[in-house]
Each structure stands twice: as structure tokens, then as C-alpha cells.
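Hello,

Here is the structure we spoke about handing over. My notes follow below it.

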Amino acid sequence: MTAIRSRNAKISFEIHHDELDRTESLDGEDQAMEESRDERGDVQEEEYEDISDEEEVADPVLQEDMLKFQETFKGIRERFRLIGRIGEGTFSTVYKAEDLLYEQYHNEWDLEEKENSQWTSPPLRKRRTGLQHALANIDEYAQQRRRPKYVAIKKIYVTSSPLRILNEIELLSKLQGCDSVCPLITAFRHTDQVVAVLPYFKHTDFRDYFRMMTVPDMQIYFRSLFTALNATHEEGILHRDIKPTNFLYDPAKKRGVLVDFGLAEKEGSDYKPCLCEGGSSRHDERRRRLHNSVAVGMGPSNGYPKNDSRPSRRANRAGTRGFRAPEVLFKCTAQTTKIDIWSAGVMLLTILSRRFPFFNSADDVEAMIEIATIFGMKKMKQCAYLHGTMFESTIPTISEKGFSIEKIILWSTCRNDGGKDGGEIPLTDEEKLAVRFLERCFELDPNKRISAAEALEHDFLRETVYSDDDDEMHMVGA
Ligand SMILES: Nc1ncnc2c1ncn2[C@@H]1O[C@H](COP(=O)(O)OP(=O)(O)OP(=O)(O)O)[C@@H](O)[C@H]1O
Ligand SMILES: [Mg+2]
């Protein structure tokens, strides 16, 4: 087993290789451009019960899987005790495990331990001597130390390209230090198998709490998510796969961490100029393209040429269906961190509308239709035009102006005619504030869309809006 990163967070990032197999391919460039999690949207996701600290897994198939993993990955058994499987993604299987060598390392990542070490002793009991008290304290401390420490072991599928794996590990190590981003503890490689070791983060399945969230709950949730996004974006990193299963949230502790940097990239990694960067100065070029387009030449209702000789547009489309920003769908070649803001907006719309998944398209064309249905033909055409391309549709249900987010929420929560007397139950003031924030996340033009730093200053997320001693505030599931 080869340690890829020291467990002491203070030691800088370094990689120790076993001899690199010369046949190992370092491609991945092309693959990354199209890498997509379409095949397994959140709807089909398997449910994993939270494995309680003591519980052992009874499922014989899983037992066998874990046994095989332990046997084939040399050295893992001495370091970790596998407890169960907590996730199975497109690119990895994630196990919960006990860290057997915890005591031998600096564990800067362990927030729980940090909180415990701030523990103060209870007031002295009358009859206890100083020595008795000291012993009691030591005993209590020792008990805390003996508590098993859990980690999440992410076994990355061997089919992932080495460059992609290295990218995830490098980006994660860059983001150490932000409490809202799940830090990388260490990583190991044995032959072609790489595992990343992360602190285990207890969380609740999104589907179990999102319908019960009040607006104050949403404010806490999104403050945590946008804090993570801000830290990520400040490092010039796009996450590319913001969605509920990648933001692990514990409603009881009101704390969340961003995970899964498998599709993340440095901003500008696959950059090519796009007309959206030039603002109004690129009008002429946009007009020229529009004029020469097939749609203008043939008319949209006549369809498209059978043998289309135009070069196809290529851009990074990695992400999960339903969460892709319009510029990703329009294959913008200068995508920025703003794509994550759009996806976070989809999460907020999901919660406000109590519908998951909110968008449920089978492919990118359907995804465009869904967005156009809400925002209307006019805005969608403007958005396409911004990136030097066109959007045309003859679908009668797509109106020119679309609908307001407020209307969409009333419809999807059956409040437009929900009252017994058939009257509308309007949005509350705090819901309206959430909608105003959401509209800033849903600017079709990424240049106008709110940034994570600006979002944290928005009335919806600004910390002064709520406080811990606010009696009114309560948290779902808490
Ligand atoms: N640190 C952690 N603590 C607890 N559970 C975790 C942790 N990291 C990942 N998981 C669980 O494993 C699941 C999959 O992890 P991750 O998203 O990193 O893998 P993936 O293969 O990229 O998944 P996907 O394709 O679903 O995005 C998560 O949704 C979560 O339920
Ligand atoms: Mg994931």
C-alpha cells in the first residue's frame, strides 16, 4: 500500500509512488469532457441506512464485498476496520470504517475531538478531594479517547482515469481548513486501486427532511452550503456536481459538509473563449452567427439538415442531470464557478417547491425545455444568444414570458387553489425573501448571477437574520 498523503495536515502534499506501471494510461482528457452522472440521477439512488456506531452489517453479500476489499487491498486491514457501505456512486463505493491507528497521528481534521477538548469539568462536588477530582477527570478524558473514530473510505473505481483521481485528491487537499468542506485525511494506492480516506460525517438523507424545512432551516442549510462554495470558489475551483447527495447535512447539529470533488476542476482548465465574456461588445459577432444559422436559413419548423457538416461544439458538460446550469447546456466554453450557484439554486427550488427531483429530464435537450418552460422563450433565446448560439422551439407549452418562481412554488405546493374555499395561500414574507435570493441564483446570464461571496451578504443568508438564541428558530429533526 502506498500512502499518497501524509496524515499530518501540516505536512505539504506529496505523492509516493510504487513503480508506475508503464501501461497505465494517463488519458482522461477527452473522457472528462463528457463525463456525466446522467445514468444514475438522484431518483434511482439506493437508500443506505445510517449504520449506527455499534451495528455490524448482516448482509452476506456486503460482508463478502468488504472481505474481498480487505483481502485485495494490502495493508488496509491493519489500519481500518470496515463497518458497512454508506454510498455507491458513479465513480466510487464509500465505506464506513473505524480508524484503528487514530492515536498514532495528528488528527487536525477531527472537529468532534476539537469540540470535546474544549470540554470543561463540572463544578466540584463537596466531598470529593482534589485527587479524586483529578482522577475522575482523567478517567472521563480516557473514556472520550477510547471512543472509536470513524472515517469514510472512498474506493474509487479502477475505471476512473489516474489523472481524474489525482485531480480529486489534489483539489481536496487544497481545500483543507474550511469546516464546510469535508477534508481529505489521507489516500492510499495498491496496484490500480486508490482509496481516499475522509472523516466520517454523520448525515441524514435529504429526502427525509427537505419537506419539513422551514425558511429559517433553509437559511442555516444554505449558509453552510454557500460557505463551502465560497471557500471552494476562492481557491478558483468549480465543484461541478452540486446536489443534495454531495452536501452531507446533519439537521440535529445544523452542520453540513461538501463532498465529492470527483468532477471538480480549476477554473479555466478547459477554457476556450466564448462570446458570453465580451458582454455587449460582441453583438456584431453574435448577429453574424445568428444570420448564418441553419434555423434562420431553413426556419425552425423545417428541422435540421440530415447531413450536418458544421463542426460540433464541445464543452465540459460534467455534472448531474437536473442540476446543470444553462451555460453548461449551451456548451459554453468559458464556464465559471457560477455553474455551482445555479445548481445550489436548484436545491433551494427543490426545497421550496417540496418536489424532488424538481427537474427530471432524460437529456440536455429536455433539460433546456424544462428551463425554457419556467423562464420563457424570450429569456432562453437571450441566453443562447449570449453564448453565440440559438434556441428555437415549436413546443406550444413554452410561453414567451414563462412563469414567476413564486407561481411555480404555489403550484407545486398546491397553494394556488389550496385553501378550502379554493383561494390562493400566498407566500409569506420570509418565503418571498427566499424567492428573491433564488432569483439571483437563477440569473440565466452567469455574469449577472450572484457569487457565493455576495450570496453570504444577501439578506436571506446574512448571519444577523438568525441567531442561536433566537427562540423562534427551530431546526428540522433537531
Ligand atoms: N465523508 C463522508 N461521510 C459520510 N458519508 C459519506 C462521506 N463521503 C461520502 N459519503 C457517502 O457516500 C456517497 C457517495 O460519495 P461521493 O459522492 O463522494 O461518491 P461518488 O462516487 O462521486 O458519488 P456520486 O456519483 O453519487 O456523486 C455520498 O452521497 C454519501 O452518502
Ligand atoms: Mg456524490
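Strands E3 and E4 run antiparallel and are joined by 7 bridges; strands and helices here are DSSP runs (strands E of at least two residues, helices H or I of at least four), numbered from the N terminus, and two strands pair if DSSP finds at least two bridges between them. This is a predicted model, in which local features need pLDDT of at least 70 and side-chain atom pairs count only at pLDDT 80 or more, while totals for chains, interfaces and linings use all residues. Residues are numbered from 1 along each chain as its sequence is written, and chains are lettered from A and ligands numbered from 1 in the order in which they are written.

E2 and E3 make a hairpin that has 3 residues between them. Of the 8 residues of E3, 6 are buried (20 or more other C-beta atoms within 10 Å of a residue's own; exposed is 12 or fewer, partly exposed in between, with C-beta atoms placed from the backbone).

Ligand 1

The shell around ligand 1 has 22 residues, of which Gly87, Gly89, Thr90, Ala152 and Asp260 come nearest (a residue is near if its C-beta atom, placed from the backbone, lies within 6 Å). Strands E2 (80–88), E3 (92–99), E4 (150–156) and E6 (193–199) each supply at least two residues of this shell. Domain 1 (27–204) and domain 2 (215–306 + 313–456) each give the shell at least three residues; the domain bounds come from an automatic or database domain assignment.

The core

The largest nonpolar core has 102 residues, and Val151, Ile153, Val195, Ala344, Leu348, Leu438 and Cys441 touch the most other members (a core is a set of buried Ala, Val, Leu, Ile, Met, Phe, Trp, Tyr and Cys residues joined through C-beta atoms within 7 Å). Helix H12 (residues 338–353) provides the largest share of this core, 10 residues. Isoleucine 153, leaving aside neighbours within four places in sequence, is in contact with Phe80, Val94, Tyr95, Ala97, Val195 and Val197 (contact means C-beta atoms, placed from the backbone, within 7 Å).

Other points

Phenylalanine 188 is in strand E5 (residues 186–190). Phenylalanine 188 counts as buried because 21 C-beta neighbours lie inside 10 Å. Strands E8 (residues 247–250) and E9 (residues 255–258) pair in the antiparallel sense over 4 bridges, and aspartate 250 has arginine 255 in E9 as its bridge partner.

Regards

Key
Two residues are in contact if their C-beta atoms, placed from the backbone, lie within 7 Å.
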